[in-house]
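Subject: Structure handover

Hello,

Here is the structure I promised to pass on. Please open it and keep it beside you while you read.

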Amino acid sequence: HSFLGCEFLNTPQIGFSAAAQNVQENIGSVNVTVNIFNPLYDVEVTVNYTGGSATSGEDFNNPFPVTLTFPAGETNPQTIQVPITDDEFEEISESIQLELVTLSEVTLLQTTQTITILPNDFVIPFYYINQISGTTENGVADSLGVLCTLQGIVHGLNTYPQGFQFTLIDATDGINVFSGDDNFGYTVTEGDEVQISGVITQFSGLTQIEPQSFLLLSQGNDINDPEIVNELNELTESQVVELKCITLVDEAQWTNVSPGFNVEVTDGQETWEVRIDEDTDIFGTSAPQGHFSVAGIGGQFDSSEPYDSGYQLLPRYMNDFSEPVVAYFTMDNAYDFGDGQDVNIEPLNQSSDGTLYVWNFGDGTTSFDENPAHTYDFDFLVQNPIVTITLTVTGAEGCTDTYSMEISMNYISISELSQTSSLRMFPNPANDQVTISWQEEFNEIVVSNVFGQTVRRFKANGQKTMNLDLSLLAPGQYQVTAYSNKGIATAQLQKI
């Protein structure tokens with residue numbers, strides 16, 4: 001039940017008794033009823049004829065416009081009798097569109113009404129969709145102009161708000177439904193079961209039915225799950241299908257320009273076209289990244305015969321897109337190393353929606369850890385000054401994405417040791433903490449024992465002063481080596 005707030009108590013409320021009514025052609029006449037509530041003062045309203053598919057003077061006698069006067073204090077509804085003509089022609093259902101207007105100060109309730117005249121002398125044949133959705137060798141619909149009744153489940157949303165446009169699917173096939181300026185009082189809702197009588201037409205290769213009568217049968221029915229395909233063609237037209245593990249060909253095509261835009265997607269071998277309509281909640285969002293899957297309704301937009309190209313996929317809402325699989329990591333892009341020195345790396349994995357991670361470090365080793373640590377030995381590095389690290393990420397749906405980075409490995413010999421810069425440490429001897437400073441910016445600090453074994457490594461980000469934690473070291477003599485882009489320096493440290 002609808003509810004009028006208290007602010008409406010100061011004015012009369014007026015409107016048609018119903019938004020729509022259906023009558024048989026042989027009814028003789030139909031009554032159009034206008035109701036009034038809270039008649040505080042005299043009210044005048046006018047009922048106008050605004051159009052429809054019925055012909056005035058042939059299918060009905062047109063009394064409009066009609067002005068109705070409601071006296072103050074009287075709540076009786078008023079009716080207008082509209083004579084209906086029972087002719088002998090075989091024809092389909094026809095409609096009369098009416099509108100209620102007023103110059104009085106009132107609250108308007110139901111302001112439009114559609115009268116549908118149902119034929120009593122012609123039975124429109126019922127077909128399954130696959131009986132009228134065929135095409136010729138040139139892609140022309142082979143049932144053009146056929147008047148028929150179809151029944152099925154609504155799929156997709158309304159992509160033509162001036163009237164409606166959606167996909168109707170039964171157990172045999174699917175077809176586009178298009179009405180340019182009449183929505184028959186219907187709000188497009190996926191899962192509705194509807195019955196449509198109309199004429200088969202074709203627009204840019206897309207077979208469709210243009211309704212002339214419309215009936216809502218039931219609601220809340222199941223809709224089809226997407227079928228995974230690797231091709232868009234005549235078979236995917238007006239079907240719910242899905243493309244798996246694709247990427248955008250050119251992110252710049254994601255323009256968010258009205259009334260919609262097309263983007264190309266690829267799986268690395270084939271390329272397809274995806275249409276984003278401005279009436280979806282996808283319009284206005286950012287372009288998807290990485291690899292993803294997308295479902296939607298198969299369509300076609302081919303402007304000339306033969307209609308054998310222009311096949312598209314039209315997603316319905318954001319949920320038609322899977323979460324994208326994006327491979328990405330960050331780390332330093334250059335490392336320095338000296339004679340006999342290995343290099344340790346710890347790339348930071350910043351991928352999204354991954355369930356499996358495969359690292360290739362370029363030296364013949366791999367790792368399946370999400371955040372691995374890896375050591376390059378000296379002998380490999382002196383032969384490979386450029387190392388390529390590759391991360392391949394696989395998501396829950398089996399889609400993969402790959403990201404690579406080239407790392408420079410800079411060999412610095414003993415002769416390149418900085419002779420002019422000195423490494424300072426305080427205090428020395430030290431207990432659990434020592435402060436180290438240098439006139440160069442640190443890349444890395446390595447602490448080695450008397451046997452030359454590395455016992456601690458400290459990463460740096462360009463500092464010239466650092467505090468080192470020595471709490472894990474046993475008392476004894478150690479060598480501290482500092483690395484920068486310009487050279488290395490060493491100093492002796494006593495741990496107490």
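Below are the findings, from the whole chain down to single residues.

**Ground rules**

This is a predicted model: local features need pLDDT of at least 70, side-chain atom pairs count only at pLDDT 80 or more, and totals for chains, interfaces and linings use all residues. Residues are numbered from 1 along each chain as its sequence is written, and side-chain values use heavy atoms, with hydrogens and water left out.

**The whole chain**

The chain holds one helix and 36 strands. Both are DSSP runs, numbered from the N terminus: helices are H or I with at least four residues, strands are E with at least two. The chain is more spread out than a compact globule, because its radius of gyration is 38 Å, well over the 23 Å that the globule rule gives for 496 residues. That radius is taken over C-alpha atoms, and the rule is 2.2 Å times the number of residues to the power 0.38. Along the principal axes, the C-alpha atoms fill a box of roughly 110 × 65 × 30 Å.

Of the 496 residues, 45% are buried. Buried means under 20% relative accessible area, exposed means over 50%, and partly exposed lies in between (1.4 Å probe, protein chains only). The accessible surface of the chain is about 24,600 Å², and carbon and sulfur atoms own 46% of that. These areas come from the Shrake-Rupley method with a 1.4 Å probe; for residues, only the protein chains shown count as cover.

Now take contacts, meaning heavy atoms within 4.5 Å. Among contacts with a separation of 6 or more, 61% join residues 24 or more positions apart.

How many positive and negative side chains does the chain have? There are 10 positive and 68 negative ones, and the centres of the two sets lie 37 Å apart. Lys and Arg count as positive, Asp and Glu as negative; His and the chain ends are not counted. Each charge is placed at NZ of Lys, CZ of Arg, CG of Asp or CD of Glu.

Strands of a sheet pair through backbone hydrogen bonds, either parallel or antiparallel. Here, two strands pair if DSSP finds at least two bridges between them. Ala334 has Ser408 of β29 as its bridge partner.

**Around β14**

Strand β14 (residues 206-218) pairs in parallel with β12 (residues 174-179) through two bridges. There, Asn176 sits opposite Gln208 of β14. β14 also pairs with β13 (residues 193-203), this time antiparallel, through eleven bridges. Gln195 faces Leu215 of β14. β13 and β14 form a hairpin with two residues between the strands, and Ser204 has a positive phi near 50 degrees.

Is strand β19 (residues 292-300) mostly covered or mostly open? Nine of its nine residues are buried. β19 pairs antiparallel with β16 (residues 240-248) over five bridges, and Ile246 stands opposite Phe292 of β19. β19 is also antiparallel to β20 (residues 311-314), with four bridges. Ile297 has Leu314 in β20 as its bridge partner.

β20 pairs with β18 too, in the parallel sense, over two bridges. Val274 is opposite Leu313 of β20. β18 (residues 271-277) in turn runs antiparallel to β17 (residues 260-266) over seven bridges. Four residues separate β17 and β18 in their hairpin, and Gly268 in the turn has a positive phi of about 95 degrees.

Start with Phe37, in strand β3 (residues 29-37). Phe37 is partly exposed, at 43% relative accessibility. Beyond its neighbours within four places in sequence, Phe37 is in contact with Pro12, Gln13 and Leu109. Phe37 and Glu444 are 407 residues apart in sequence, and their C-alpha atoms are 84 Å apart.

Then find Gly462, in the loop between β33 (454-459) and β34 (465-469). Gly462 is partly exposed, with a relative accessible area of 27%. Leaving out neighbours within four places in sequence, Gly462 is in contact with Glu441 and Phe442. Gly462 and Phe442 are 20 residues apart along the chain, with 5.1 Å between their C-alpha atoms.

Best wishes
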